[in-house]
Amino acid sequence: MTAPLLLGAVPALVAGLFVLSISDVGRGTWLVQGASIVMALALATGGGVLARRPSRRGVLVAAGATLLLCALPLLGSAQSPERWVVVGPVSLYVAPVCLPALLSLVAWRMRRDARLHTGAAAALWAVALVLAAQPDLSQVLALSAGALVILALDVTPWWRRVATMVPFVVAVVLAHAQGDPLQPVGHVELVVAVAWQHSMLAGVCVLLATLVFVGTLTWRLGRLDPAQGAVAAYYAVLFACAMAGLTPAPLVGYGAGPWLGFGLWLGTIAAVAQDVAASVDRGRRVSS
């Protein structure tokens, strides 16, 4: 499961390195990006072993940890926007580290355990509201898109699914109303524009790299469980926001958070795939 997803990310990796090469960045930027990629690979290969199979308690722990980590920047004295936790020389963008894995866990367990519906929805609401307070409109939109995919495949009555989306709409409105004073940076939020300014071929290649990445996610996750398409929707919205210069382009723009989040999610999806395989095997034994 992990290998095809890693291959799908290779064009984005190459595009990101190309954008850094044509941007005026220092050695420290290259070192952070390189270390983030190595750590992402370590999380991808080791995460599935460490996580074992997802459980109800695991989802609750992941939701609580995500909420805590996303709220930490709000406790500091920095001026808005407050989206980062300082880790040594690196300001770590927390939301992209946590949200892909959280969406994946919630999507899988909600499909298996109806008792998690209210609790999981409430956890996602809380995270969305914390992100709106930062404010981080792009991450709120991406999280809401992932939640919409999960709810669209839910078996609960339609009116309950619509009601579940209302807090996400509120979070989007709150984030948008605050505005975003952050000025976009060329090799972070404006990678698509930087590529187009370099040449039409570079711009097309960057766009193709993002399409390959999102397309690979959609295809592979759809075969595993349609609800896992929530993660593909999350990344697709972030890429759309990046094209507008609102957020770092995942894996293509500079940043430790997106790469660490991708690696952590790969480890999580490997654990989910183990659980899927075990469930199928149990079903075959029962039917035989």
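A cavity is a set of grid points where a 1.4 Å probe fits but cannot get out, and its lining residues have an atom within 4 Å of a point. In this predicted model, the count comes to 3 cavities of 30 Å³ or more.

The second largest cavity holds about 50 Å³ of space. Its lining is made up of Met110, Ala121, Leu124, Ala147, Ile150, Leu151, Thr164 and Phe168. Two or more of these residues come from each of helix 5 (116–133), helix 6 (137–152) and helix 7 (158–178), and helix 6 gives the most, with 3 residues. The lining comprises 7 nonpolar residues, 1 polar residue and no charged residues.

The largest cavity has a volume of about 60 Å³. Among the residues that line this cavity are Tyr93, Pro96, Pro100, Gln139, Tyr234 and Thr247. Helix 4 and helix 10 (229–243) each supply at least two lining residues; the largest share, 3 residues, is that of helix 10. By class, 9 residues of the lining are nonpolar, 2 are polar and none is charged.

Tyr93, a lining residue of the largest cavity, is also the bridge partner of Trp84 in strand 2. Strand 1 (residues 84–87) pairs with strand 2 (residues 90–93) in the antiparallel sense over 4 bridges. The two strands form a hairpin with 2 residues between them, and Gly88 in the turn has a positive phi of about 65°.

The largest nonpolar core contains 79 residues, of which Leu143, Phe213, Phe262 and Trp265 touch the most other members. Helix 4 (residues 95–112) provides the largest share of this core, 11 residues. Beyond its neighbours within four places in sequence, Trp265 contacts Leu5, Pro100, Ala101, Ser104, Leu217, Leu221 and Val231.

Notes
Residues are numbered from 1 along each chain as its sequence is written. This is a predicted model: local features need pLDDT of at least 70, side-chain atom pairs count only at pLDDT 80 or more; totals for chains, interfaces and linings use all residues. Side-chain values use heavy atoms; hydrogens and water are left out. A nonpolar core is a set of buried Ala, Val, Leu, Ile, Met, Phe, Trp, Tyr and Cys residues joined through side-chain atoms within 4.5 Å. Buried means under 20% relative accessible area, exposed over 50%, partly exposed in between (1.4 Å probe, protein chains only). Contact means heavy atoms within 4.5 Å. Two strands pair if DSSP finds at least two bridges between them. On a 1 Å grid over the protein atoms alone, a cavity is a set of points where a 1.4 Å probe fits but cannot get out, and a pocket is an open set with protein on both sides within 12 Å along at least five of seven lines; lining residues have an atom within 4 Å of a point. Grid points are joined across faces, edges and corners, and a volume is the space filled by probe spheres set on the points. Ala, Val, Leu, Ile, Met, Phe, Trp, Tyr, Cys and Pro count as nonpolar, Asp, Glu, Lys and Arg as charged, and the others, Gly among them, as polar.
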